[in-house]
Structures are given as C-alpha cells and as structure tokens.
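Take a look at the model below.

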Amino acid sequence: MSNRLEAVVADIVEGIRGALMKHDVTFDEYRQGIGYIMKTVEAGELPLMIDAFLNTTICQIENRNFGGSTSTLEGPYFLDDAPFVEGALKTYEDDRHEPLLLRGRVLDLAGAPVADAIIDVWHSTPDGHYGGFHNNIPRDFYRGKLRTDAAGGYEVRTTVPVAYKIPDQGPVGALLEAMGRHSWRPAHVHYKVRAPGFHTLTTQAYFEGGEYVDSDCCEGVHSELIHADVRESGIKVIETDFELAPALAHAAAAA
Ligand code: DHB
Ligand code: FE
C-alpha cells in the first residue's frame with residue numbers, strides 16, 4: 001500500500017530543496033527564514049501565511065478533479081449557522097451602502113435545474129468588515145442562506161462589498177511588502193452552494209475593473225468569476241449560474 005503522507009511530504013521537501021538550490025540560498029538566509037516562521041507562529045499568523053500562498057492551489061486541484069463551476073477560496077469568514085433569508089440580507093443602511101442584486105440558477109452538469117439547493121452568501125460591509133468578526137457587526141449581517149426554487153433560481157438583495165485588506169500589521173503583511181506585493185483582495189461576494197448528491201461548490205464573484213482584481217494578494221481570482229457592470233434601473237446586478245458536479249465524480253475519476 002502506498003503511504004500518501006510519505007509521498008506528499010517527500011515531494012514538498014523536494015520542491016523546497018529545489019527552490020533553495022535554484023537561488024543559492026545561504027546559511028544566513030536559511031536561519032532568517034526559520035526566524036521568520038517562528039515569528040509568524042508567535043503572531044498566530046501561520047494559517048494566514050499558508051492560506052495566502054497555498055489555499056488557491058487546493059481550489060485549483062478541486063477544479064481539476066470535479067468540473068462544474070470554478071471554485072475558489074472560502075476565506076476565514078464563513079459561518080455555517082447563518083440564517084435563511086427571504087428577499088434581502090440584513091445590512092446597515094446609509095449613503096455608503098450601494099444596493100446590489102444577486103441572482104441566478106443552480107444547475108447540474110447537464111443544465112437541469114437543481115431545486116432546494118442551499119446557497120450561503122456572505123460579503124463585506126462598505127468598510128471591508130465581516131459580520132460576526134469585525135467591529136461588533138452582528139453575525140447574521142451581510143450573510144445568509146438562500147434556497148433555490150423549482151427552476152433552480154435564487155435572488156437576494158444586499159449591498160456592494162469593497163476591496164478587503166488581509167491583516168497586514170504582522171509578519172505576513174511584512175513579508176508581502178518586502179516581496180513588493182500588497183495585502184489587498186479585490187471586492188468580492190462569497191458563495192457556498194450545497195445540494196444532496198452534489199459536490200459542494202465554494203466560490204466568489206468579482207467586479208470587472210475593480211481595484212486589485214488583477215493583483216489579488218491571495219491569487220483567488222479567475223477570469224470567469226469576474227462580472228461586468230450590469231445595472232437594472234440603476235441597481236447593480238450580479239447574475240451567476242452555479243453548475244454543480246456530482247458528489248462522486250472525484251472518487252470515480254480516482255478509481
Ligand atoms: C481572507 C479574507 C477574505 O475575505 C477572503 O475572501 C480570503 C482570505 C483573509 O483574511 O485571509
Ligand atoms: Fe472574503
């Protein structure tokens with residue numbers, strides 16, 4: 001029987017060795033790298049660092065193995081106990097809240113509607129904050145669950161999110177800056193789409209022309225997830241159909 005752990009770890013080590021060799025990394029630099037990792041652990045930012053560099057790769061593997069709509073980062077702000085909502089997500093209301101309509105359909109790979117799919121939607125405030133995580137915003141604000149109708153359709157009103165800066169005051173921000181990168185993610189709406197018998201789809205929608213769409217610090221943007229500026233009666237609309245792959249596609253492919 002093959003030892004998957006041994007195989008994966010050995011290849012990770014080989015990949016790192018290749019990079020060290022390629023760049024003639026010195027003993028001094030090697031010790032600095034260890035010091036940096038220690039600082040990152042002490043700051044509690046190891047998950048952030050690994051997610052910023054590698055989570056998108058795991059999503060790419062999902063995309064390769066499952067098919068259906070393109071998946072991308074879940075990020076740290078999904079809450080599984082978000083309430084079902086009808087019509088609109090709960091949001092604050094002031095001039096800085098621009099209305100946004102989200103709608104579309106959930107379909108199987110043959111294009112047939114998937115009724116009773118559950119779609120979690122979540123996104124930032126106009127300040128780049130998330131409900132339940134930042135500034136005492138209630139945990140059921142700017143998030144909620146939708147259920148698709150008989151035609152696989154969903155529709156919900158909410159507000160336009162903004163670009164979001166991942167925590168940049170600690171070692172991860174310092175590393176990105178030293179590399180000549182920034183800590184911004186482009187404005188996005190998160191979705192998690194679930195239905196019995198289908199592989200769960202976790203994805204995001206981005207806005208065409210939005211700041212940082214071409215330089216997401218977490219590299220989670222895919223061109224097919226970028227939406228043109230569509231307006232109906234002046235209101236911004238993101239229309240997205242989600243194609244779900246069958247739950248067993250991966251197991252079947254691997255068999
Ligand atoms: C992070 C935040 C997000 O909103 C997201 O979509 C992905 C990552 C973060 O802070 O790491
Ligand atoms: Fe996010």
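This report covers the two ligands and the residues around them. Keep in mind that the model is predicted.

Start with ligand 1. Its surroundings are made up of L48, G75, P76, Y77, Y130, Y164, I166, P167, R185, H188, H190 and Q204. Sorted by class, this shell holds 7 nonpolar, 4 polar and 1 charged residues. The space that ligand 1 takes is the second largest pocket.

The table gives the distances.

| Side chain | Distance to an oxygen atom of ligand 1 |
|---|---|
| R185 | 2.7 Å |
| H190 | 3.0 Å |
| Y164 | 3.3 Å |

How much of ligand 1 does the protein bury? Taken alone, ligand 1 exposes 290 Å², and the protein buries 96% of that.

Now turn to ligand 2, an iron ion. Its donors are Y130 through OH, H188 through NE2 and H190 through NE2. They sit at 2.0 to 2.1 Å. Along the chain, these donors follow the spacing Y-x57-H-x1-H.

Finally, compare the two sites. Y130, H188 and H190 coordinate the iron ion. Y130, H188 and H190 are also among the residues that surround ligand 1.

Technical notes
Residues are numbered from 1 along each chain as its sequence is written. Chains are lettered from A and ligands numbered from 1 in the order in which they are written. This is a predicted model: local features need pLDDT of at least 70, side-chain atom pairs count only at pLDDT 80 or more; totals for chains, interfaces and linings use all residues. Side-chain values use heavy atoms; hydrogens and water are left out. A residue is near a molecule or strand if one of its heavy atoms lies within 4 Å of it. A polar contact is a pair of N or O atoms within 3.5 Å; within protein, one must be able to donate a hydrogen and the other to accept it, and residues adjacent in sequence count only if both atoms are side-chain atoms. Accessible areas come from the Shrake-Rupley method with a 1.4 Å probe; for residues, only the protein chains shown count as cover. On a 1 Å grid over the protein atoms alone, a cavity is a set of points where a 1.4 Å probe fits but cannot get out, and a pocket is an open set with protein on both sides within 12 Å along at least five of seven lines; lining residues have an atom within 4 Å of a point. A molecule sits in a cavity or pocket if more than half of its atoms lie within 2 Å of its grid points. Ala, Val, Leu, Ile, Met, Phe, Trp, Tyr, Cys and Pro count as nonpolar, Asp, Glu, Lys and Arg as charged, and the others, Gly among them, as polar. Donors are N, O and S atoms within 2.8 Å of the metal (3.2 Å for Na, K and Ca); water is not among the atoms, so sites may look incomplete.
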